Amino acid sequence: MLEFSAEHQLIQSEVQKLCDNYEDDYWQAKDREAEYPMEFVQELAEHGWLGTIIPEEYGGGGYDTLEAAIVLEEIAASGAGFSGSMACHGAMFVPRSILNYGTEEMKSTYLPKLASGEKLLQCFALTEPDAGYDSTSISTRAERDGDHYVVNGQKTWCSRFYASDYMVLVARTTPREEVSKKTDGMTLFLVDIDDALEQEAVEARKIEKSIRRAVPSYEVWFEDLEVPAENVIGEVGDGFSQVMDGLNEERVVIAAEAVGLARVAIDRAVQYAKEREVFDRQIGANQAIQHPLADAHARMTSARNLTYQAARAFKEGRDVGEAANIAVYMAREAASKAADQAVQTHGGYGVATEYDVERYYREARLSHIAPISDEMIKNYIGEHVLGLPRSY
Ligand SMILES: Cc1cc2nc3c(=O)[nH]c(=O)nc-3n(C[C@H](O)[C@H](O)[C@H](O)COP(=O)(O)OP(=O)(O)OC[C@H]3O[C@@H](n4cnc5c(N)ncnc54)[C@H](O)[C@@H]3O)c2cc1C
């Protein structure tokens, strides 16, 4: 079984204590009203957890992916599910671009504000309607004009747009037709969202959805948006490899969140199975209820081990492509099995919003699609682990 160090156990209990202030009815209301849980995110910031991976010299926690995974697992497992973990996932990880590729000036200007929660950088704009998972097909264009770039194009599924002060935008500085490698010619920009709105060069429309409603996503249009040239993050034309660089880390963290979701679904189901009595017995005394929960627990435990193996390997600087992809694949499956069985265990109440398990079920379903689909994970395993021909 997985054993955490004393320091990591302390992180778990500190995050659990904070999450205890946000009970089920809070998350039910946020989901019902499609309202971003800003109070929760600000309290996380006040306790230093938003800046978990930001170095201490910039006011952050000075930790790594492993510790961030622990924080996010505990948030999901507290009952918040993905409504909670995905609400702060962006603020914890979108700053990674500045951390890894920003100039010293950029780091000292932005990171302290992001670590304290004074400003939020939690909107990441890559996906476009005509590109989908084929990110190299994006066409949003940023053209240099003197000391700034002019951006035109459209993004979709930009999560947390209005809950964010800044956005990391991925745009083409060279059109796809003009580069020899389709992965070349993309650049990352730090966009000040208030400034973009003041310029009236950006328009956002909320996408109505039925899952993770507390973390809204938007279609965003850019028309002649001016972004200062100094807001380029990293090398001009090298944005795609910078994005790819962060993928394994994101997969490890998403896996931890899915493990947290599986944990809470199992906890709620076990609790209900002990309390609920029909036919003069606890429903948990029936093997038809007990065995699927034992199965869900075994899957969750196994996915959890894989997740933290990948997180440790990442921390040690080892190649984690295989481990991270397999961890996220197994963790999401564990979350889906657990949430499905939690609904079944609750019988009719499984679909009543006051019991939360139907929300966990919806959130587990979404995890197979975003931020990366099961198919794309299997493409990776097929090609890079099994050595099969590239299938797309
Ligand atoms: C709730 C939510 C939040 C999101 N937040 C953000 C965000 O903040 N920022 C951002 O940039 N993006 C975000 N996304 C986008 C997400 O990460 C995906 O990139 C996007 O949904 C994929 O595009 P698509 O939906 O058009 O799918 P498509 O690319 O059209 O794919 C459709 C289906 O075909 C399958 N498929 C496609 N190509 C292949 C292939 N070669 N082999 C096998 N199967 C294939 C896919 O797996 C999928 O099942 C979000 C998406 C959602 C749903």
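Predicted model: local features only at pLDDT ≥ 70, side-chain atom pairs only at ≥ 80, totals over all residues.
A residue counts as buried when its relative accessible area is under 20%. By that criterion C123, with 0% relative accessibility, is buried.

A disulfide is a covalent bond between the sulfur atoms of two cysteines, and the structure holds zero of them. For a pair to be counted, the two sulfur atoms must lie within 2.5 Å.

Attention may now turn to the ligand. There are 17 residues around the ligand, of which F124, T127, W157, S159 and S373 come nearest. A polar backbone atom of P371 lies 2.9 Å from an oxygen atom of the ligand, and a polar side-chain atom of S373 is 2.6 Å from a ligand oxygen atom. The ligand taken alone exposes 980 Å², and the protein buries 67% of this area. Two elements, β3 (148-159) and α13 (374-385), each give two or more residues to the shell around the ligand. The largest share, three residues, comes from α13.

The peptide bond from A370 to P371 is cis, with omega near 5°. P371 is placed in the loop between α12 (357-367) and α13.

Although D356 is not a glycine, its phi is positive, at about 65°. D356 is found in the loop between α11 and α12. Is this residue buried or exposed? D356 is buried, since its relative accessible area is 1%. D224 is another residue that is not a glycine but has a positive phi, here about 55°. D224 is found in strand β7 (residues 217-228), and it counts as partly exposed because its relative accessibility is 46%.

Helix α11 covers residues 321-345, which makes 25 residues, and its first and last C-alpha atoms are 36 Å apart, close to the 36 Å expected at 1.5 Å a residue. After α11 comes G347, with a positive phi near 55°. Helix α10 (residues 287-315) contains Y308, which counts as buried at 0% relative accessibility. Y308 and A256 are 52 residues apart in sequence, while their C-alpha atoms are 7.9 Å apart in space.

A last stop is T173, in the loop between β4 (166-172) and β5 (186-192). T173 is buried, with a relative accessible area of 14%. The side chain of T173 makes a polar contact of 2.6 Å with the side chain of T187.

Terms used. Residues numbered from 1 in each chain as written. Heavy atoms only, no water. Helix = DSSP H or I, 4+ residues; strand = E, 2+ residues; numbered from the N terminus. Expected span 1.5 Å × (residues − 1). Buried < 20%, exposed > 50% of the residue type's maximum accessible area, 1.4 Å probe, protein only. Near = heavy atom within 4 Å. Polar contact = N/O pair within 3.5 Å; in protein donor to acceptor, adjacent residues only side chain to side chain. Areas by Shrake-Rupley, 256 points an atom, 1.4 Å probe, with all protein chains shown as cover.
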